[in-house]
Amino acid sequence: AFETALLLDPNYPEAFYNLGIAQLRQGRPEAALPAFDQAIVLFPNFGHAYYSRALALEELGRRDEARQNLEQALGLYLYQGRGEWAAQAQAQLDRIE
């Protein structure tokens, strides 16, 4: 389904994000990273893409990069007034630090 959406509109960041989420849930964090990367390229203020990218990086043992992405997500969530998501990003940061 996500691949079809991408064929119809390759500039749809949510489709890349959802593809990354599906791959992450399938236990394929390495495969999820390019999808999250493309979502971020298309929509640089996409906090969920940074947050989910951090989860994938953490699963791969790339903790420093995971922290950087969580910090980016946290900043975006705060800027966008998304307090609940900011709290979740902060909790995830606290957990891996």
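Four salt bridges are found in a search of the whole structure, a salt bridge being a side-chain nitrogen of Lys or Arg within 4 Å of a carboxyl oxygen of Asp or Glu. The model is predicted, so local features need pLDDT of at least 70 and side-chain atom pairs count only at pLDDT 80 or more, while totals for chains, interfaces and linings use all residues. Residues are numbered from 1 along each chain as its sequence is written, and side-chain values use heavy atoms, with hydrogens and water left out.

One of the salt bridges joins Arg53 to Asp37, with 2.4 Å between the closest N and O atoms. Because Arg53 belongs to helix α4 (residues 47-59) and Asp37 to helix α3 (residues 29-42), this pair ties together parts that are 16 residues apart in sequence. Helices are DSSP runs (H or I, at least four residues), numbered from the N terminus. Arg53 is buried, at 15% relative accessibility, whereas Asp37 is partly exposed, at 30%. Here buried means under 20% relative accessible area, exposed over 50%, and partly exposed in between (1.4 Å probe, protein chains only).

Helix α4 also contains Glu58, which forms a salt bridge with Arg95 at 2.6 Å between the closest N and O atoms. Arg95 lies in helix α6 (residues 83-96), and the pair links distant parts of the chain, 37 residues apart. Glu58 counts as buried, with a relative accessibility of 17%.

A further salt bridge is formed by the side chains of Asp64 and Arg67, at 2.5 Å from N to O. Both residues are in helix α5 (residues 63-79); they are three residues apart and therefore separated by about one helical turn. Asp64 is exposed, its relative accessible area being 52%.

How values were computed. Helices (H or I, at least four residues) and strands (E, at least two) are DSSP runs, numbered from the N terminus.
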